[in-house]
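Me: I would like to learn how to read a few features of a protein model. Could you take me through them?

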Amino acid sequence: MATVALRSPAGRWILVSSILASSMVFIDGSALNVVLPSLQKSLQATGPDLFWILNAYLLILASLILIGGSIGDKLGRKKVFMAGIFIFICGSAACGFAPTVLYLIAFRMIQGVGGALMIPGSLSLISSSINPKERGKAIGTWSAFATVVTIGGPILGGALGDAGLWRYIFFINVPIGIAALIMLGLKVNEIKDEDSDSSLDFPGAVTIALGLALVTLGFLRMPAVGMDNWQVYLSLIGGIVSLSLFVIIETKSKSPMMPLQLFKNQTFAGTNLLTLFLYAGLGAGMLFMSLDLVQVQGYSQLKSGLTFLPFTLMMITLARFAGGLADKYGPRWLLIFGPATAGLGLLILSFIKQTNGPADYWTSFFPGMLVFGLGISFTVAPLTTAVMTSVSDHFSGTASGVNNAISRVANVFAIAIFGALAVLFYSGALQQQLKTINLNPKQKQEVMVQAANLGNAKVPQDISAHKVVEKAYHQSFIKAYANIMRIAAILSFLGALMAVLFVRTTFIKLNKT
(Lines give C-alpha, C1' and ligand atoms only; values in the text may rest on other atoms or scores of the structure.)
Protein backbone atom coordinates (compact mmCIF):
# COMPACT_ATOMS: atom_id res chain seq x y z
CA MET A 1 0.00 0.00 0.00
CA ALA A 2 1.46 3.35 -1.05
CA THR A 3 2.06 5.88 1.71
CA VAL A 4 2.33 9.66 1.51
CA ALA A 5 4.58 12.24 3.15
CA LEU A 6 3.14 14.12 6.10
CA ARG A 7 3.86 17.48 4.43
CA SER A 8 2.21 16.53 1.12
CA PRO A 9 -1.31 17.86 0.31
CA ALA A 10 -2.75 14.35 0.64
CA GLY A 11 -1.05 13.84 3.99
CA ARG A 12 -2.35 17.16 5.30
CA TRP A 13 -5.97 16.47 4.28
CA ILE A 14 -5.86 13.05 5.95
CA LEU A 15 -4.46 14.61 9.12
CA VAL A 16 -6.89 17.55 9.21
CA SER A 17 -10.00 15.43 8.61
CA SER A 18 -8.87 12.94 11.26
CA ILE A 19 -8.27 15.77 13.74
CA LEU A 20 -11.71 17.29 13.15
CA ALA A 21 -13.54 14.00 13.58
CA SER A 22 -11.57 13.13 16.71
CA SER A 23 -12.27 16.57 18.12
CA MET A 24 -15.97 15.75 18.33
CA VAL A 25 -15.16 12.93 20.73
CA PHE A 26 -12.80 15.10 22.80
CA ILE A 27 -15.31 17.96 23.02
CA ASP A 28 -18.10 15.58 23.90
CA GLY A 29 -16.07 14.00 26.69
CA SER A 30 -14.30 17.01 28.21
CA ALA A 31 -17.20 19.44 28.02
CA LEU A 32 -19.80 16.91 29.19
CA ASN A 33 -17.90 16.32 32.44
CA VAL A 34 -17.93 20.06 33.11
CA VAL A 35 -21.68 20.55 32.43
CA LEU A 36 -22.78 17.54 34.49
CA PRO A 37 -23.92 19.70 37.44
CA SER A 38 -26.05 21.88 35.11
CA LEU A 39 -27.40 18.84 33.30
CA GLN A 40 -28.18 17.14 36.61
CA LYS A 41 -30.18 20.14 37.79
CA SER A 42 -31.99 20.65 34.47
CA LEU A 43 -33.10 17.03 34.02
CA GLN A 44 -33.47 16.33 37.78
CA ALA A 45 -30.97 13.48 37.39
CA THR A 46 -29.76 11.38 40.31
CA GLY A 47 -26.13 10.32 40.87
CA PRO A 48 -26.72 6.92 39.18
CA ASP A 49 -28.44 8.74 36.29
CA LEU A 50 -25.23 10.72 35.70
CA PHE A 51 -23.15 7.55 35.55
CA TRP A 52 -25.61 6.08 33.01
CA ILE A 53 -25.51 9.22 30.86
CA LEU A 54 -21.72 8.89 30.73
CA ASN A 55 -21.66 5.12 30.38
CA ALA A 56 -24.52 4.46 27.94
CA TYR A 57 -22.26 5.88 25.23
CA LEU A 58 -19.22 4.00 26.51
CA LEU A 59 -21.18 0.73 26.82
CA ILE A 60 -22.09 0.67 23.13
CA LEU A 61 -18.71 2.06 22.10
CA ALA A 62 -16.78 -0.59 24.00
CA SER A 63 -19.04 -3.34 22.66
CA LEU A 64 -18.70 -2.41 18.99
CA ILE A 65 -15.33 -0.67 18.60
CA LEU A 66 -13.43 -3.85 17.72
CA ILE A 67 -15.97 -4.51 14.98
CA GLY A 68 -15.54 -0.94 13.73
CA GLY A 69 -11.78 -1.29 13.45
CA SER A 70 -12.02 -4.68 11.74
CA ILE A 71 -14.59 -3.73 9.08
CA GLY A 72 -12.61 -0.59 8.30
CA ASP A 73 -9.62 -2.76 7.40
CA LYS A 74 -11.79 -5.05 5.28
CA LEU A 75 -14.34 -2.75 3.60
CA GLY A 76 -12.42 0.51 3.34
CA ARG A 77 -11.18 2.81 6.08
CA LYS A 78 -12.51 6.05 4.61
CA LYS A 79 -15.97 4.61 3.92
CA VAL A 80 -16.44 3.21 7.44
CA PHE A 81 -14.91 6.35 9.00
CA MET A 82 -17.42 8.57 7.19
CA ALA A 83 -20.34 6.33 8.18
CA GLY A 84 -19.27 6.61 11.80
CA ILE A 85 -19.05 10.42 11.63
CA PHE A 86 -22.56 10.64 10.13
CA ILE A 87 -24.12 8.41 12.80
CA PHE A 88 -22.25 10.28 15.56
CA ILE A 89 -23.52 13.71 14.51
CA CYS A 90 -27.09 12.37 14.17
CA GLY A 91 -26.84 11.00 17.71
CA SER A 92 -25.37 14.28 18.95
CA ALA A 93 -28.23 16.31 17.48
CA ALA A 94 -30.75 13.95 19.08
CA CYS A 95 -28.98 14.30 22.47
CA GLY A 96 -29.32 18.06 22.20
CA PHE A 97 -33.11 17.75 21.92
CA ALA A 98 -33.51 15.02 24.59
CA PRO A 99 -36.44 15.94 26.89
CA THR A 100 -35.67 13.49 29.70
CA VAL A 101 -32.83 11.44 31.19
CA LEU A 102 -34.10 8.24 29.51
CA TYR A 103 -34.14 9.86 26.06
CA LEU A 104 -30.65 11.26 26.61
CA ILE A 105 -29.33 7.83 27.61
CA ALA A 106 -30.89 6.26 24.47
CA PHE A 107 -29.44 8.91 22.16
CA ARG A 108 -26.03 8.56 23.80
CA MET A 109 -26.16 4.93 22.68
CA ILE A 110 -26.59 6.11 19.07
CA GLN A 111 -23.49 8.26 19.55
CA GLY A 112 -21.73 5.10 20.73
CA VAL A 113 -22.53 3.26 17.48
CA GLY A 114 -21.08 6.15 15.46
CA GLY A 115 -18.05 6.39 17.71
CA ALA A 116 -17.32 2.68 17.32
CA LEU A 117 -16.99 3.13 13.54
CA MET A 118 -15.31 6.53 13.70
CA ILE A 119 -12.71 6.35 16.49
CA PRO A 120 -10.55 3.49 15.14
CA GLY A 121 -10.77 5.06 11.68
CA SER A 122 -8.93 8.27 12.52
CA LEU A 123 -5.70 6.61 13.69
CA SER A 124 -6.04 3.81 11.13
CA LEU A 125 -6.14 6.39 8.31
CA ILE A 126 -3.01 8.08 9.65
CA SER A 127 -1.12 4.86 10.35
CA SER A 128 -1.89 3.21 7.00
CA SER A 129 -1.38 6.36 4.90
CA ILE A 130 1.56 8.33 6.35
CA ASN A 131 5.18 7.37 5.72
CA PRO A 132 6.36 5.04 8.53
CA LYS A 133 9.27 7.33 9.44
CA GLU A 134 6.86 10.20 10.11
CA ARG A 135 4.04 8.36 11.85
CA GLY A 136 5.13 9.22 15.38
CA LYS A 137 5.24 12.91 14.43
CA ALA A 138 1.89 12.60 12.62
CA ILE A 139 0.27 11.00 15.66
CA GLY A 140 1.86 13.66 17.89
CA THR A 141 0.47 16.36 15.58
CA TRP A 142 -2.94 14.68 15.72
CA SER A 143 -2.77 14.69 19.53
CA ALA A 144 -1.63 18.31 19.73
CA PHE A 145 -3.98 19.84 17.17
CA ALA A 146 -6.96 17.81 18.31
CA THR A 147 -6.29 19.33 21.72
CA VAL A 148 -6.04 22.81 20.16
CA VAL A 149 -9.41 22.31 18.48
CA THR A 150 -10.91 21.16 21.77
CA ILE A 151 -9.14 23.67 24.04
CA GLY A 152 -12.46 25.48 24.30
CA GLY A 153 -14.29 22.29 25.32
CA PRO A 154 -14.15 22.59 29.12
CA ILE A 155 -14.21 26.40 28.96
CA LEU A 156 -17.15 26.48 26.55
CA GLY A 157 -18.82 23.73 28.55
CA GLY A 158 -18.43 25.75 31.74
CA ALA A 159 -19.84 28.91 30.15
CA LEU A 160 -22.81 27.07 28.63
CA GLY A 161 -23.37 25.13 31.85
CA ASP A 162 -23.47 28.31 33.93
CA ALA A 163 -26.00 29.74 31.45
CA GLY A 164 -28.11 26.56 31.53
CA LEU A 165 -27.32 25.86 27.86
CA TRP A 166 -25.71 22.44 28.30
CA ARG A 167 -27.56 21.08 25.24
CA TYR A 168 -25.26 23.05 22.93
CA ILE A 169 -22.39 20.79 23.97
CA PHE A 170 -24.03 18.21 21.72
CA PHE A 171 -25.11 20.59 18.98
CA ILE A 172 -21.53 21.81 18.44
CA ASN A 173 -20.59 18.37 17.07
CA VAL A 174 -22.84 18.82 14.03
CA PRO A 175 -20.91 21.51 12.09
CA ILE A 176 -17.56 19.92 12.99
CA GLY A 177 -18.74 16.56 11.69
CA ILE A 178 -20.13 18.04 8.49
CA ALA A 179 -16.80 19.79 7.80
CA ALA A 180 -14.91 16.50 8.30
CA LEU A 181 -17.31 14.66 5.95
CA ILE A 182 -16.83 17.28 3.21
CA MET A 183 -13.02 17.05 3.46
CA LEU A 184 -13.04 13.27 3.40
CA GLY A 185 -15.48 13.13 0.51
CA LEU A 186 -13.60 15.61 -1.68
CA LYS A 187 -9.92 15.35 -0.72
CA VAL A 188 -9.13 11.89 0.70
CA ASN A 189 -8.87 8.70 -1.35
CA GLU A 190 -10.25 5.39 -0.17
CA ILE A 191 -7.67 3.38 1.78
CA LYS A 192 -8.15 -0.37 1.69
CA ASP A 193 -5.93 -3.42 1.50
CA GLU A 194 -6.48 -4.68 -2.04
CA ASP A 195 -5.61 -8.24 -1.06
CA SER A 196 -7.74 -8.14 2.06
CA ASP A 197 -10.44 -10.77 2.53
CA SER A 198 -13.65 -8.72 2.66
CA SER A 199 -15.63 -11.45 4.41
CA LEU A 200 -16.73 -10.50 7.91
CA ASP A 201 -16.32 -12.65 11.00
CA PHE A 202 -19.99 -12.56 12.11
CA PRO A 203 -19.73 -15.19 14.90
CA GLY A 204 -16.73 -13.31 16.29
CA ALA A 205 -18.52 -9.97 15.98
CA VAL A 206 -21.61 -11.23 17.83
CA THR A 207 -19.69 -12.89 20.68
CA ILE A 208 -17.27 -9.97 21.26
CA ALA A 209 -20.08 -7.39 21.20
CA LEU A 210 -22.25 -9.48 23.54
CA GLY A 211 -19.32 -10.27 25.83
CA LEU A 212 -18.12 -6.69 26.21
CA ALA A 213 -21.70 -5.42 26.61
CA LEU A 214 -22.54 -7.92 29.37
CA VAL A 215 -19.29 -7.41 31.30
CA THR A 216 -19.69 -3.63 31.05
CA LEU A 217 -23.37 -3.84 32.07
CA GLY A 218 -22.42 -5.92 35.09
CA PHE A 219 -20.05 -3.23 36.32
CA LEU A 220 -22.56 -0.49 35.56
CA ARG A 221 -25.24 -2.17 37.71
CA MET A 222 -22.96 -2.35 40.75
CA PRO A 223 -23.58 1.21 42.02
CA ALA A 224 -27.37 0.74 41.82
CA VAL A 225 -27.88 -2.81 43.13
CA GLY A 226 -24.61 -3.61 44.89
CA MET A 227 -21.96 -6.18 44.11
CA ASP A 228 -23.78 -9.13 45.72
CA ASN A 229 -26.75 -9.16 43.31
CA TRP A 230 -27.96 -11.71 40.74
CA GLN A 231 -28.05 -9.06 37.97
CA VAL A 232 -24.34 -8.36 38.44
CA TYR A 233 -23.43 -12.06 38.66
CA LEU A 234 -25.52 -13.01 35.61
CA SER A 235 -24.10 -10.19 33.49
CA LEU A 236 -20.48 -10.85 34.43
CA ILE A 237 -20.74 -14.63 34.01
CA GLY A 238 -22.55 -14.24 30.67
CA GLY A 239 -19.92 -11.76 29.51
CA ILE A 240 -17.01 -14.01 30.49
CA VAL A 241 -18.62 -16.99 28.70
CA SER A 242 -19.18 -14.91 25.54
CA LEU A 243 -15.60 -13.61 25.59
CA SER A 244 -14.31 -17.16 26.03
CA LEU A 245 -16.37 -18.26 23.02
CA PHE A 246 -14.92 -15.32 21.08
CA VAL A 247 -11.37 -16.52 21.75
CA ILE A 248 -12.28 -20.05 20.60
CA ILE A 249 -13.95 -18.71 17.44
CA GLU A 250 -10.98 -16.48 16.61
CA THR A 251 -8.52 -19.36 16.87
CA LYS A 252 -10.50 -21.34 14.28
CA SER A 253 -11.72 -18.55 11.96
CA LYS A 254 -10.17 -18.20 8.50
CA SER A 255 -10.65 -14.40 8.60
CA PRO A 256 -10.71 -13.43 12.30
CA MET A 257 -11.72 -9.90 13.23
CA MET A 258 -9.02 -9.87 15.95
CA PRO A 259 -6.07 -12.07 15.03
CA LEU A 260 -4.87 -13.43 18.35
CA GLN A 261 -1.27 -13.58 17.14
CA LEU A 262 -1.17 -9.81 17.67
CA PHE A 263 -0.83 -10.48 21.40
CA LYS A 264 2.27 -12.62 20.84
CA ASN A 265 4.02 -9.30 20.29
CA GLN A 266 5.20 -8.30 23.78
CA THR A 267 5.05 -4.58 23.03
CA PHE A 268 1.49 -4.76 21.65
CA ALA A 269 0.31 -6.77 24.66
CA GLY A 270 2.19 -4.56 27.13
CA THR A 271 0.97 -1.25 25.72
CA ASN A 272 -2.61 -2.46 25.90
CA LEU A 273 -2.15 -3.42 29.56
CA LEU A 274 -0.64 0.04 30.12
CA THR A 275 -3.71 1.57 28.42
CA LEU A 276 -6.06 -0.41 30.67
CA PHE A 277 -4.48 0.85 33.90
CA LEU A 278 -3.70 4.41 32.80
CA TYR A 279 -7.10 5.21 31.28
CA ALA A 280 -8.95 3.72 34.25
CA GLY A 281 -7.05 6.11 36.51
CA LEU A 282 -7.39 9.02 34.09
CA GLY A 283 -11.16 8.61 33.63
CA ALA A 284 -11.91 8.36 37.34
CA GLY A 285 -9.54 11.19 38.29
CA MET A 286 -10.90 13.69 35.75
CA LEU A 287 -14.55 12.92 36.58
CA PHE A 288 -14.27 13.21 40.35
CA MET A 289 -12.07 16.29 40.17
CA SER A 290 -14.74 18.02 38.01
CA LEU A 291 -17.44 17.13 40.56
CA ASP A 292 -15.26 18.27 43.48
CA LEU A 293 -14.49 21.63 41.89
CA VAL A 294 -18.13 22.58 41.24
CA GLN A 295 -20.13 20.81 43.94
CA VAL A 296 -17.76 21.15 46.89
CA GLN A 297 -15.06 23.76 46.22
CA GLY A 298 -17.49 26.41 44.94
CA TYR A 299 -16.13 26.89 41.41
CA SER A 300 -18.51 27.95 38.68
CA GLN A 301 -18.66 25.53 35.76
CA LEU A 302 -16.72 28.03 33.63
CA LYS A 303 -13.93 28.32 36.21
CA SER A 304 -13.95 24.54 36.61
CA GLY A 305 -13.27 24.26 32.88
CA LEU A 306 -10.47 26.81 33.13
CA THR A 307 -8.69 24.76 35.80
CA PHE A 308 -7.88 22.17 33.11
CA LEU A 309 -6.18 24.80 30.94
CA PRO A 310 -2.59 23.95 32.09
CA PHE A 311 -3.27 20.31 31.15
CA THR A 312 -4.55 21.36 27.71
CA LEU A 313 -1.70 23.78 27.04
CA MET A 314 0.90 21.15 27.93
CA MET A 315 -0.76 18.71 25.53
CA ILE A 316 -0.57 21.33 22.77
CA THR A 317 3.08 22.17 23.33
CA LEU A 318 4.50 18.75 24.19
CA ALA A 319 2.51 16.05 22.33
CA ARG A 320 4.15 16.63 18.93
CA PHE A 321 7.59 16.85 20.58
CA ALA A 322 6.94 13.58 22.47
CA GLY A 323 5.86 11.91 19.22
CA GLY A 324 9.12 13.00 17.58
CA LEU A 325 11.12 11.62 20.51
CA ALA A 326 9.30 8.29 20.14
CA ASP A 327 10.23 8.22 16.43
CA LYS A 328 13.88 8.91 17.24
CA TYR A 329 14.55 6.96 20.43
CA GLY A 330 11.59 4.59 20.77
CA PRO A 331 8.69 4.94 23.21
CA ARG A 332 9.91 2.77 26.12
CA TRP A 333 11.33 5.44 28.45
CA LEU A 334 8.56 7.90 27.62
CA LEU A 335 5.98 5.25 28.55
CA ILE A 336 7.70 4.73 31.89
CA PHE A 337 8.18 8.42 32.68
CA GLY A 338 4.76 9.60 31.46
CA PRO A 339 2.37 7.34 33.42
CA ALA A 340 4.56 7.54 36.54
CA THR A 341 4.48 11.35 36.41
CA ALA A 342 0.72 11.34 35.78
CA GLY A 343 0.29 9.11 38.83
CA LEU A 344 2.34 11.54 40.91
CA GLY A 345 0.07 14.38 39.75
CA LEU A 346 -3.07 12.44 40.77
CA LEU A 347 -1.48 11.70 44.14
CA ILE A 348 -0.74 15.41 44.72
CA LEU A 349 -4.34 16.28 43.78
CA SER A 350 -5.66 13.73 46.29
CA PHE A 351 -4.38 15.77 49.25
CA ILE A 352 -6.56 18.83 48.51
CA LYS A 353 -9.01 19.57 51.33
CA GLN A 354 -11.73 22.25 51.51
CA THR A 355 -10.39 25.44 49.88
CA ASN A 356 -11.57 29.02 49.51
CA GLY A 357 -12.55 28.34 45.92
CA PRO A 358 -10.81 29.84 42.89
CA ALA A 359 -8.82 32.22 45.11
CA ASP A 360 -6.74 29.22 46.28
CA TYR A 361 -6.36 27.62 42.84
CA TRP A 362 -2.63 28.36 42.39
CA THR A 363 -1.69 26.71 45.69
CA SER A 364 -4.23 23.87 45.57
CA PHE A 365 -5.14 22.40 42.18
CA PHE A 366 -2.52 24.02 39.93
CA PRO A 367 0.62 22.12 41.12
CA GLY A 368 -1.02 18.70 40.80
CA MET A 369 -2.62 19.59 37.47
CA LEU A 370 0.78 20.72 36.14
CA VAL A 371 2.47 17.43 37.06
CA PHE A 372 -0.48 15.38 35.84
CA GLY A 373 -0.56 17.26 32.51
CA LEU A 374 3.18 16.77 32.04
CA GLY A 375 2.81 13.02 32.48
CA ILE A 376 -0.12 12.61 30.08
CA SER A 377 1.53 14.89 27.48
CA PHE A 378 4.56 12.60 27.32
CA THR A 379 2.39 9.48 27.18
CA VAL A 380 -0.41 9.85 24.60
CA ALA A 381 1.55 10.09 21.33
CA PRO A 382 4.28 7.54 22.27
CA LEU A 383 1.61 5.10 23.49
CA THR A 384 -0.36 5.35 20.25
CA THR A 385 2.86 5.12 18.22
CA ALA A 386 3.93 2.00 20.12
CA VAL A 387 0.57 0.30 19.51
CA MET A 388 0.30 1.21 15.83
CA THR A 389 3.92 0.47 14.91
CA SER A 390 4.10 -2.89 16.69
CA VAL A 391 1.85 -4.44 14.00
CA SER A 392 1.84 -4.35 10.21
CA ASP A 393 -0.22 -1.79 8.28
CA HIS A 394 -2.64 -4.58 7.34
CA PHE A 395 -3.76 -4.74 10.99
CA SER A 396 -3.78 -0.98 11.66
CA GLY A 397 -7.55 -0.68 12.05
CA THR A 398 -7.75 -3.78 14.20
CA ALA A 399 -4.85 -2.58 16.40
CA SER A 400 -6.48 0.83 16.81
CA GLY A 401 -9.81 -0.83 17.56
CA VAL A 402 -8.28 -3.10 20.21
CA ASN A 403 -6.46 -0.24 21.93
CA ASN A 404 -9.47 2.08 21.81
CA ALA A 405 -11.75 -0.70 23.06
CA ILE A 406 -9.45 -1.27 26.02
CA SER A 407 -9.27 2.45 26.84
CA ARG A 408 -13.08 2.77 26.69
CA VAL A 409 -13.67 -0.42 28.68
CA ALA A 410 -11.16 0.88 31.25
CA ASN A 411 -13.10 4.14 31.43
CA VAL A 412 -16.44 2.36 31.87
CA PHE A 413 -15.09 0.00 34.50
CA ALA A 414 -13.41 2.87 36.34
CA ILE A 415 -16.54 5.03 36.41
CA ALA A 416 -18.77 2.09 37.39
CA ILE A 417 -16.48 0.61 40.03
CA PHE A 418 -15.23 3.95 41.32
CA GLY A 419 -18.81 5.24 41.33
CA ALA A 420 -19.78 2.36 43.62
CA LEU A 421 -16.66 2.87 45.75
CA ALA A 422 -17.28 6.62 45.98
CA VAL A 423 -20.80 6.05 47.35
CA LEU A 424 -19.32 3.53 49.82
CA PHE A 425 -16.53 5.89 50.93
CA TYR A 426 -18.95 8.83 51.08
CA SER A 427 -21.54 6.92 53.14
CA GLY A 428 -18.90 5.69 55.59
CA ALA A 429 -17.45 9.16 56.04
CA LEU A 430 -20.93 10.70 56.41
CA GLN A 431 -21.88 8.19 59.12
CA GLN A 432 -18.77 9.24 61.06
CA GLN A 433 -19.67 12.92 60.61
CA LEU A 434 -23.25 12.34 61.84
CA LYS A 435 -21.99 10.95 65.15
CA THR A 436 -20.96 14.49 66.12
CA ILE A 437 -24.21 16.16 64.98
CA ASN A 438 -27.27 16.35 67.25
CA LEU A 439 -29.96 14.72 65.07
CA ASN A 440 -32.64 12.15 65.86
CA PRO A 441 -32.54 8.72 64.10
CA LYS A 442 -35.19 9.70 61.53
CA GLN A 443 -33.28 12.87 60.57
CA LYS A 444 -30.02 10.93 60.29
CA GLN A 445 -31.75 8.48 57.95
CA GLU A 446 -33.02 11.37 55.81
CA VAL A 447 -29.49 12.79 55.64
CA MET A 448 -28.06 9.40 54.65
CA VAL A 449 -30.58 8.92 51.82
CA GLN A 450 -28.85 11.80 50.01
CA ALA A 451 -25.52 9.91 49.96
CA ALA A 452 -26.31 8.44 46.52
CA ASN A 453 -26.14 11.97 45.08
CA LEU A 454 -22.55 12.47 46.33
CA GLY A 455 -21.50 16.12 45.95
CA ASN A 456 -25.01 17.14 44.89
CA ALA A 457 -26.54 15.96 48.19
CA LYS A 458 -29.18 18.37 49.54
CA VAL A 459 -29.91 19.01 53.20
CA PRO A 460 -33.47 17.82 54.07
CA GLN A 461 -35.86 20.73 54.66
CA ASP A 462 -36.93 19.72 58.18
CA ILE A 463 -33.38 19.91 59.56
CA SER A 464 -32.49 23.14 61.33
CA ALA A 465 -28.73 22.51 61.50
CA HIS A 466 -28.49 23.24 57.77
CA LYS A 467 -24.94 24.59 57.68
CA VAL A 468 -23.56 21.82 59.89
CA VAL A 469 -25.08 19.06 57.73
CA GLU A 470 -23.96 20.79 54.54
CA LYS A 471 -20.41 20.92 55.89
CA ALA A 472 -20.67 17.21 56.74
CA TYR A 473 -21.71 16.49 53.15
CA HIS A 474 -18.72 18.42 51.83
CA GLN A 475 -16.23 16.82 54.20
CA SER A 476 -17.56 13.37 53.33
CA PHE A 477 -17.19 14.02 49.62
CA ILE A 478 -13.63 15.29 50.10
CA LYS A 479 -12.81 12.06 51.95
CA ALA A 480 -14.28 9.96 49.13
CA TYR A 481 -12.53 12.12 46.51
CA ALA A 482 -9.15 11.63 48.22
CA ASN A 483 -9.53 7.86 48.27
CA ILE A 484 -10.62 7.71 44.62
CA MET A 485 -7.71 9.92 43.47
CA ARG A 486 -5.18 7.77 45.34
CA ILE A 487 -6.51 4.59 43.75
CA ALA A 488 -6.35 6.36 40.37
CA ALA A 489 -2.70 7.24 41.09
CA ILE A 490 -1.90 3.60 41.87
CA LEU A 491 -3.42 2.56 38.54
CA SER A 492 -1.18 5.06 36.72
CA PHE A 493 1.89 3.68 38.51
CA LEU A 494 0.83 0.17 37.42
CA GLY A 495 0.70 1.49 33.84
CA ALA A 496 4.33 2.61 34.13
CA LEU A 497 5.23 -0.85 35.48
CA MET A 498 3.70 -2.45 32.36
CA ALA A 499 6.08 -0.36 30.23
CA VAL A 500 9.04 -1.50 32.35
CA LEU A 501 8.09 -5.15 31.96
CA PHE A 502 6.89 -5.37 28.36
CA VAL A 503 7.67 -2.41 26.08
CA ARG A 504 10.81 -2.69 23.99
CA THR A 505 12.60 0.09 22.09
CA THR A 506 12.87 -2.01 18.94
CA PHE A 507 9.67 -3.52 17.57
CA ILE A 508 9.22 -6.85 15.84
CA LYS A 509 6.19 -6.29 13.66
CA LEU A 510 3.59 -8.97 13.10
CA ASN A 511 2.98 -9.02 9.39
CA LYS A 512 0.01 -10.34 7.50
CA THR A 513 -0.05 -14.10 7.34
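Predicted model: local features only at pLDDT ≥ 70, side-chain atom pairs only at ≥ 80, totals over all residues.

Me: Which residues form a nonpolar patch on the surface?

Reply: The patch consists of Tyr-233, Ile-237, Val-241, Leu-245 and Ile-248. Together they have about 470 Å² of accessible area.

Me: Where is Leu-245 found, and in which helix?

Reply: Leu-245 belongs to helix α10, which covers residues 230-252.

Me: What is the relative accessible area of Leu-245, and how is that value read?

Reply: Under 20% is buried, over 50% is exposed, and values in between are partly exposed. Leu-245 has 43%, so Leu-245 is partly exposed.

Me: Is Thr-384 buried or exposed?

Reply: The cut-off for buried is under 20%. Thr-384 has a relative accessibility of 10%, so Thr-384 counts as buried. Thr-384 sits in helix α16, residues 380-389.

Me: Which residues does Thr-384 touch, leaving out those up to four places away in sequence?

Reply: With those left out, Thr-384 touches Leu-123 and Ile-139. As for polar atoms, one in the side chain of Thr-384 lies 3.0 Å from the backbone oxygen of Val-380.

Me: How many residues apart in sequence are Val-371 and Met-314, and what is their distance in space?

Reply: Val-371 and Met-314 are 57 residues apart in sequence. In space, their C-alpha atoms are 10.0 Å apart. Val-371 lies in helix α15, residues 365-377.

Me: Which residues does Val-371 touch, not counting those up to four places away in sequence?

Reply: On that count, Val-371 touches Thr-341, Leu-344, Gly-345 and Ile-348.

Technical notes. Residues numbered from 1 in each chain as written. Heavy atoms only, no water. Patch = residues over 30% accessible without salt bridge, like charges linked within 9 Å, V, L, I, M, F, W, Y side chains within 5 Å. Areas by Shrake-Rupley, 256 points an atom, 1.4 Å probe, with all protein chains shown as cover. Salt bridge = Lys/Arg side-chain N within 4 Å of Asp/Glu carboxyl O. Helix = DSSP H or I, 4+ residues; strand = E, 2+ residues; numbered from the N terminus. Buried < 20%, exposed > 50% of the residue type's maximum accessible area, 1.4 Å probe, protein only. Polar contact = N/O pair within 3.5 Å; in protein donor to acceptor, adjacent residues only side chain to side chain. Contact = heavy atoms within 4.5 Å.
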